[in-house]
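Here are some notes for reading this structure alongside its sequence. Please keep both in view while going through the points.

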Amino acid sequence: MTQAPAQHRGTRSRDAILDTAGELMSRHGYAATSISMISAACGLPVSSLYWHFGSKDGIYVAVLQRARTALLAALPPVEVPGADVAQRLDTFLDEVKDAFRRHPHGLKLLLGLGMVQQDASAAAVAEVHHYRDALLAWATDSVSAVFGLRDRPEVSDELARFTLRVASGTAVARWFEPGAALETGPLRVALLALAAHHGVAPHGARPEDPAGGVTGRE
């Protein structure tokens, strides 16, 4: 009779630790966030943190895993709806912006690869690489669907990597400007220009878009 309530309390304690650790680590970074800081902020003893996760690195890996799962689940499907490239690109960027807006801490944690490699264990680095590989695969499939690039995987890869670099820049900006948002307008213009550079002439691009009248200049 008492086992279920005890398990429920354990789950609540674990979630409270992860909520607090994710908030602190996204704000201060992994190295600057101590076990004692997490304990004080979540109101649980240090012994409880060690009992659930074993170490600070164990907490970090669990935080990364949860952030990865939540952010990837929030991303739009790779088959983007729309009658033409312009509509599909607008839909894709709006949905990406919304997903990143709803998961600001996860984005900062998961894209902070440089800090992870410097301060955390191989398990944490591997978790971030796993996330980045999954995110790149999603972005590649999405831009391929947007621009109709099924037979040009190298172009899809370039556009996807560019999109993720812009998102990474937004994550870095949030360390200094917490309210910084993904700027989809300039990103839209840049993606259309990159597509045009590779000879992709998107059907339906608006007249002001750089891709609308490109004829393949050197």
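Does D157 count as buried, exposed or partly exposed? The points below start with the overall fold and reach D157 among the charged pairs.

1. The model is predicted. The protein contains 10 helices and 0 strands, so reading from the N terminus gives the order α-α-α-α-α-α-α-α-α-α. Of its 218 residues, 44% count as buried. The exposed surface comes to about 11100 Å², and carbon and sulfur atoms supply 55% of that surface.

2. Helix α8. At 1.5 Å a residue, its 26 residues should span 38 Å, and the end C-alpha atoms are 37 Å apart, which agrees. After α8 comes G148, which has a positive phi, near 65°.

3. The largest nonpolar core. In soluble globular proteins, nonpolar side chains tend to be buried together. Here the largest nonpolar core has 32 residues, and those that touch the most other members are L89, F92, F100, F147 and L159. Two or more residues of this core come from each of α4, α5, α8, α9 and α10 (184-197). The largest share, 8 residues, is supplied by α8.

4. F92 and the other core. Which residues does F92 contact, leaving aside its neighbours within four places in sequence? They are V80, W138, S142, V143 and V146. Apart from the core that holds F92, there is another core, of 20 residues, and its members include M25, Y30, I38 and I59.

5. Salt bridges in general. Side chains of opposite charge can pair when their charged atoms come close. The count for this model is 8 salt bridges.

6. E127 and R68. These two residues form a salt bridge, with the closest N and O atoms 2.4 Å apart. Buried means under 20% relative accessible area. E127 is therefore buried, as its relative accessible area is 8%. R68, with a value of 16%, is buried as well.

7. E79 and R150. In this salt bridge the closest N and O atoms are 2.7 Å apart. E79 lies in the loop between α4 and α5 (85-102), while R150 lies in the loop between α8 and α9 (153-176), so the pair ties together parts that are 71 residues apart in sequence.

8. D157 and R161. The closest N and O atoms of this salt bridge are 2.9 Å apart. Both residues belong to helix α9, and because they are 4 residues apart, about one helical turn separates them. An α-helix has 3.6 residues a turn, so residues three or four places apart point the same way. The opening question can now be answered: D157 counts as partly exposed, at 26% relative accessibility. R161 is partly exposed too, with a relative accessible area of 36%. Elsewhere, salt bridges that share partners join D15, D19 and R66 into one network.

9. The place of R152. Where does R152 lie? R152 is found in the loop between α8 and α9. R152 is partly exposed, with a relative accessible area of 25%. Not counting residues up to four places away in sequence, R152 touches H198, G199 and V200. R152 and H198 are 46 residues apart along the chain, and their C-alpha atoms are separated by 9.9 Å.

10. An annotated region. UniProt, in an unreviewed entry, places the feature "DNA-binding region" at residues 34-53. In the model this span is 80% helix and 0% strand, and its end C-alpha atoms lie 14 Å apart.

Methods: Residues are numbered from 1 along each chain as its sequence is written. This is a predicted model: local features need pLDDT of at least 70, side-chain atom pairs count only at pLDDT 80 or more; totals for chains, interfaces and linings use all residues. Side-chain values use heavy atoms; hydrogens and water are left out. A salt bridge is a side-chain nitrogen of Lys or Arg within 4 Å of a carboxyl oxygen of Asp or Glu. Buried means under 20% relative accessible area, exposed over 50%, partly exposed in between (1.4 Å probe, protein chains only). UniProt positions are given in the numbering used here, feature names are shortened, and annotations may be inferred rather than shown by experiment. The expected span of a helix is 1.5 Å times one less than its number of residues. A nonpolar core is a set of buried Ala, Val, Leu, Ile, Met, Phe, Trp, Tyr and Cys residues joined through side-chain atoms within 4.5 Å. Contact means heavy atoms within 4.5 Å. Accessible areas come from the Shrake-Rupley method with a 1.4 Å probe; for residues, only the protein chains shown count as cover.
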